[in-house]
Amino acid sequence: MATGRLCTQLLSGHDPGLPALFVSVGKPLKGPRTAWDLRELGVRLHWQEPMATQPLEAATKVTQCKYKRIGCPWHGPFHELTVHEAACAHPTKTGNELMEILDEMDQSHRKEMQLYNSIFSLLSFEKIGYTEVQFRPYRTDDFITRLYYETPRFTVLNQTWVLKARVNDSERNPNLSCKRTLSFQLLLKSKVTAPLECSFLLLKGPYDDVRISPVIYHFVFTNESNETDYVPLPIIDSVECNKLLAAKNINLRLFLFQIQK
């Protein structure tokens with residue numbers, strides 16, 4: 001071992017995210033030393049801060065272009081952001097092109113506001129019910145079976161209900177499709193003495209992170225017409241749908257609003 005001033009790492013195999021303890025000595029060190037032994041030898045201890053590193057999560061997290069406000073739809077990993085923004089075409093668009101893009105964005109925003117205003121109006125109803133529902137997978141009895149989902153019976157607004165769901169509208173081999181969708185229907189199992197007019201919507205459950213865009217559906221239930229048509233489960237894309245289908249069960253929250261005349 002060389003003599004003179006020697007800088008050697010005291011702790012081996014330490015966490016690279018923590019500061020490393022180094023020692024400066026004026027003579028060779030033989031064998032491992034504790035901090036107490038080094039202090040007895042007059043060793044000066046000092047901390048060396050680790051080099052600043054960018055966490056992997058920060059480098060790969062999904063981010064959006066800074067020109068999103070003028071219509072750029074790009075989103076991707078953070079480490080590609082600088083390259084994209086340098087080549088983004090939106091800052092060079094003409095005023096007329098930007099006006100068309102902004103008009104489309106305004107229309108989309110108005111639709112969102114109409115949806116939220118409708119939901120706020122429903123929340124003022126006298127009779128409101130909600131419950132967590134669990135879709136469980138089953139197979140049909142056909143020669144070539146088809147996958148479908150169904151919930152156990154549940155009670156909301158003093159009525160008994162069931163929800164059913166199917167993949168790609170009961171396509172024979174949805175596993176061969178790269179784009180999958182889910183649709184569902186609401187069934188009234190109780191007998192009613194008068195038509196029951198309801199609005200309903202499905203949202204994500206309290207312990208799931210599936211991304212659903214809320215859509216309000218409307219139906220008048222009677223004893224003769226006690227099930228809705230299959231309507232789309234408004235999952236934002238097929239990637240989110242695949243995440244749901246990969247789970248053992250699908251857990252969502254159902255809201256029911258009874259419309260009284």
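D103 is partly exposed, with a relative accessible area of 39%, where buried means under 20% relative accessible area, exposed means over 50%, and partly exposed lies in between (1.4 Å probe, protein chains only). The model is a predicted one, in which local features need pLDDT of at least 70 and side-chain atom pairs count only at pLDDT 80 or more, while totals for chains, interfaces and linings use all residues. Residues are numbered from 1 along each chain as its sequence is written, and side-chain values use heavy atoms, with hydrogens and water left out.

D103 is found in helix α4, residues 95-122; helices (H or I, at least four residues) and strands (E, at least two) are DSSP runs numbered from the N terminus. Together with E97, E100, E104 and D106, D103 forms a negative surface patch, a patch being made of residues with over 30% relative accessible area and no salt bridge, in which like charges are joined within 9 Å and nonpolar side chains (Val, Leu, Ile, Met, Phe, Trp, Tyr) within 5 Å.

The structure also holds two salt bridges, each defined as a side-chain nitrogen of Lys or Arg within 4 Å of a carboxyl oxygen of Asp or Glu. One of them joins E132 and R253, whose closest N and O atoms are 2.2 Å apart. This pair links distant parts of the chain, since E132 belongs to strand β6 (residues 128-139) and R253 to strand β14 (residues 250-258), 121 residues apart. E132 is partly exposed at 39% relative accessible area, and R253, at 22%, also counts as partly exposed.

The side chains of K243 and E240 meet in a salt bridge at 3.5 Å, N to O, and these two residues both lie in helix α5, three residues apart, about one turn of the helix. An α-helix has 3.6 residues a turn, so residues three or four places apart point the same way.

How values were computed
Areas by Shrake-Rupley, 256 points an atom, 1.4 Å probe, with all protein chains shown as cover. Lys, Arg positive; Asp, Glu negative; His and termini not counted. Charge placed at Lys NZ, Arg CZ, Asp CG, Glu CD.
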